[in-house]
Amino acid sequence: MTLESIRHFIKNPGTTLQMLSHAGLLFWLPDKVFLKLLYRTVFHRKLNLKDPKTYSEKIQWLKLYHRDSLYTLLSDKYAMRDYTAERLGEGYTVPLLGVWDRFEDIDFDNLPNQFVLKCTHDSGSTMICADKAVFNKEKAGYRLKKCLRRNFYRMSREWGYKNIRPRIIAEKYLADESGCELKDYKFTCMNGQPVYLFVCQNRNGEGGLQVDTYDMRLQHLPIKKKYQNSPKPFKPPESFDKMLEICKKLAKPFPLVRIDFYDTCGKLYLGEYTFYPTGGLHRFDPEEWDAIFGDEITLPKRV
């Protein structure tokens with residue numbers, strides 16, 4: 001470990017706690033104890049579970065006290081497909097090219113020239129192949145096999161991930177109307193209604209990822225992130241109203257869920273469901289938005 005890495009861990013104790021937990025070194029701690037400790041290291045204040053007010057506090061409460069089996073089903077990037085088709089009809093999920101328990105079982109000869117690989121039970125394992133001739137299978141194998149071994153739940157006790165069967169799926173490679181990478185339309189839905197929209201674009205473009213936040217009147221919100229805003233005014237895709245309609249239909253059972261979409265030349269795809277966005281550990285800038293987001297969530301009765 002380098003001196004720079006040690007300094008990073010000292011300055012980011014929340015990240016260090018998550019890494020230790022992921023390694024199994026803190027798994028003996030009960031969820032409630034771990035989350036109280038993690039929350040204090042990130043926000044420098046006590047976690048209020050008796051009467052949570054902020055967005056970040058309410059997500060920790062949901063991790064502990066709202067354990068709906070649908071969270072596990074829909075957090076699974078493979079299993080969520082049947083559920084989505086039952087409610088929306090066929091064709092709303094990204095076309096599936098294959099599913100495997102082991103990386104070694106993937107027959108790359110039968111995959112098209114472009115595809116996307118990801119694990120079904122975690123976040124952040126996506127590997128994009130834009131050209132199979134230069135795709136680094138060794139690098140992909142190292143990363144995906146490592147991800148298959150981890151229980152994503154351990155990092156910040158996101159209960160929905162705890163019991164998902166680890167697998168790898170391959171999906172169709174998508175491109176937007178420009179022929180380049182996709183924009184992500186991420187709707188934060190609270191008590192069955194879409195309330196906020198995050199638009200993510202320019203992931204591989206000059207200057208890097210751009211993220212903008214809007215309310216449902218499409219007013220740009222002054223929320224700062226570590227990423228730049230887009231310099232271009234937001235023009236909603238033609239499928240925007242359909243996205244809202246789907247959100248209202250699918251979000252109805254949940255106090256909080258983020259539903260992500262892609263639009264490719266007018267064809268709408270649902271990407272995934274997220275029940276604990278950023279693990280509830282994102283520090284808003286300005287900080288007041290933690291309370292503003294939190295006001296929109298009505299927690300269910302504790303069972």
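Is Cys129 buried or exposed? In this predicted model, Cys129 has a relative accessibility of 1% and therefore counts as buried.

Start with the whole protein. There are ten helices and nine strands to find your way around. The radius of gyration is 19 Å, close to the 19 Å that the globule rule gives for 303 residues, so the protein is as compact as a globular protein of that length. Of the 303 residues, 50% count as buried. The contact pattern reaches across the sequence too: among contacts with a separation of 6 or more, 60% are between residues 24 or more positions apart.

Now turn to an open sheet of four strands, which has the order 1-4-2-3 and antiparallel pairing. Its edges are strand 1 (96-100) and strand 3, each of which pairs on one side only. Ignoring direction, neighbouring strands of this sheet are turned by 15 degrees against each other on average. Helix 7 (residues 137-148) packs on the sheet, where it touches strand 2, strand 3 and strand 4. The direction of helix 7 makes about 30 degrees with that of strand 2.

Strand 2 deserves a longer look. On one side, strand 2 meets strand 3 (residues 127-129) in the antiparallel sense, over three bridges. You can follow this pairing residue by residue: Leu117 has Met127 as its bridge partner, and Val116 stands opposite Ile128. Strand 2 is also joined to strand 4 (residues 168-172), again antiparallel, by five bridges. Here Lys118 stands opposite Ile169.

In a regular strand the side chains alternate between the two faces of the sheet. Strand 2 shows two such sets, with Phe115, Leu117 and Cys119 pointing one way and Val116 and Lys118 the other way. Both sets are buried. Since five of the five residues of strand 2 (residues 115-119) are buried, the strand is largely enclosed by the rest of the structure.

Where do the nonpolar side chains gather? The largest nonpolar core has 61 residues, and those with the most contacts inside it are Phe187, Ile259, Phe261, Leu270, Tyr273 and Phe293. Apart from it lies another core, of 17 residues, which includes Phe115 and Cys119 as well as Ile106 and Ala140.

A disulfide is a covalent bond between the sulfur atoms of two cysteines. A search of the whole structure finds zero disulfides. For Cys129, the nearest cysteine sulfur is that of Cys119, 16 Å away. For Cys189, the nearest is that of Cys247, at 3.9 Å. A disulfide needs the two sulfur atoms to be within 2.5 Å, and Cys189 is in no disulfide. Cys189 is buried as well, with a relative accessible area of 1%.

Finally, visit the loops. Between strand 9 (267-274) and helix 10 (288-295) lies the loop that holds Gly279. Gly279 has 2% relative accessibility and so counts as buried. Gly279 is 219 residues from Gln60 in sequence, yet the two are 7.9 Å apart in space, C-alpha to C-alpha. Leaving aside neighbours within four places in sequence, Gly279 is in contact with Ile59, Gln60, Lys63, Ser156 and Glu158.

Most residues other than glycine have a negative phi, and most peptide bonds are trans. A few places here call for a second look on that account. Pro286, also in the loop between strand 9 and helix 10, is joined to Asp285 by a cis peptide bond with omega of about 5 degrees. Arg157, in the loop between helix 8 (153-156) and strand 4, has a positive phi of about 55 degrees. At 1% relative accessibility, Arg157 counts as buried. Leu218 sits in the loop between strand 7 (210-215) and helix 9 (240-250), and its phi is also positive, near 65 degrees. With 26% relative accessibility, Leu218 counts as partly exposed.

Terms used
Residues numbered from 1 in each chain as written. Predicted model: local features only at pLDDT ≥ 70, side-chain atom pairs only at ≥ 80, totals over all residues. Heavy atoms only, no water. Buried < 20%, exposed > 50% of the residue type's maximum accessible area, 1.4 Å probe, protein only. Pairing = 2+ DSSP bridges. Axes fitted to C-alpha atoms, helices over the stretch in contact; angles between N-to-C directions. Contact = heavy atoms within 4.5 Å. Core = buried A, V, L, I, M, F, W, Y, C linked by side-chain atoms within 4.5 Å. Rg over C-alpha atoms; globule rule 2.2 N^0.38 Å.
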